[in-house]
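Subject: Structure handover

Hi there,

Here is the structure I promised to pass on to you.

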Amino acid sequence: MSFRKYKPSRLATLPSTLDPAEYDISPETRRAQTERLAIRSRLKREYLLQLNDPNRRGIIEDPALTRWTYARSANIYPNFKATPKTSLIGAVFGIGPLVFWYYVFKTDRDRKEKLIQEGKLDRTFNISY
């Protein structure tokens, strides 16, 4: 079964999986990719040897994971940048609930007060307001 050569449409771009630059790379790039793959393989093998060691005592420290966790959780304020979006989110989640509950309680009290003044609210056994 022979396939025709893919011809991109005028309205659509060439898919990245069919891009010749993806596969026709220079020997230097190929060498760099194999070196990175070898480093990753060595690190993975070392980690798996430590993980599967039957005489292991304690936990395995992964420095990259420790750095990632620190940067993700404990180190957010030095890297925080105030923008209009973050300021708006802070105002909505900080002041918004206060304004909402103020409105709810105020309207409920006003409604009850109006009913009390009109004499329509039955207040038997009511100790507080």
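E118 is partly exposed, because its relative accessible area of 43% falls between the 20% and 50% cut-offs. Please keep in mind as you read that this is a predicted model. The side chain of E118 meets that of K120 in a salt bridge, with 3.5 Å from N to O. K120, for its part, counts as exposed, at 63% relative accessibility.

How many salt bridges does a search of the whole structure find? There are three, and the E118 and K120 pair is one of them.

Helix α5, which covers residues 96-118, holds the pair D110 and K106. Their side chains form a salt bridge at 3.4 Å, N to O. Because D110 and K106 sit four residues apart in the helix, about one helical turn separates them. D110 has a relative accessibility of 40% and so counts as partly exposed. K106 is partly exposed too, with a relative accessible area of 38%.

R111 and D108 also lie in helix α5, three residues apart, or about one turn of the helix. Here the side chains meet in a salt bridge at 2.9 Å, again N to O. R111 is partly exposed at a relative accessible area of 46%, and D108 counts as partly exposed at 30%.

Which residues line the largest pocket? The lining is made up of L43, K44, E46, Y47, Q50, I60, E61, D62 and P63. Helix α2, residues 27-51, supplies the largest share of that lining, with five residues. Sorted by class, the lining has four nonpolar residues, one polar residue and four charged residues. The space in this pocket comes to about 200 Å³. In general terms, rolling a probe the size of a water molecule over the atoms shows where empty space is left.

The surface also carries a nonpolar patch, formed by L88, I89, V92 and F93. Together these four residues have about 430 Å² of accessible area. L88 belongs to helix α4, which spans residues 84-94. Is L88 buried or exposed? With 56% relative accessibility, L88 counts as exposed, because the cut-off for that class is over 50%.

G94 is in helix α4 as well. This glycine is partly exposed, with a relative accessible area of 40%. Between the C-alpha atoms of G94 and E28 the separation is 54 Å, and the two residues are 66 apart along the chain.

T83 counts as partly exposed at 25% relative accessibility.

Best wishes

Methods:
Residues numbered from 1 in each chain as written. Predicted model: local features only at pLDDT ≥ 70, side-chain atom pairs only at ≥ 80, totals over all residues. Heavy atoms only, no water. 1 Å grid on protein atoms, 1.4 Å probe; cavity = no way out; pocket = protein on both sides within 12 Å on 5 of 7 lines; lining within 4 Å. Points joined across faces, edges and corners; volume = space filled by probe spheres on them. Helix = DSSP H or I, 4+ residues; strand = E, 2+ residues; numbered from the N terminus. Nonpolar A, V, L, I, M, F, W, Y, C, P; charged D, E, K, R; others polar. Patch = residues over 30% accessible without salt bridge, like charges linked within 9 Å, V, L, I, M, F, W, Y side chains within 5 Å. Areas by Shrake-Rupley, 256 points an atom, 1.4 Å probe, with all protein chains shown as cover. Buried < 20%, exposed > 50% of the residue type's maximum accessible area, 1.4 Å probe, protein only.
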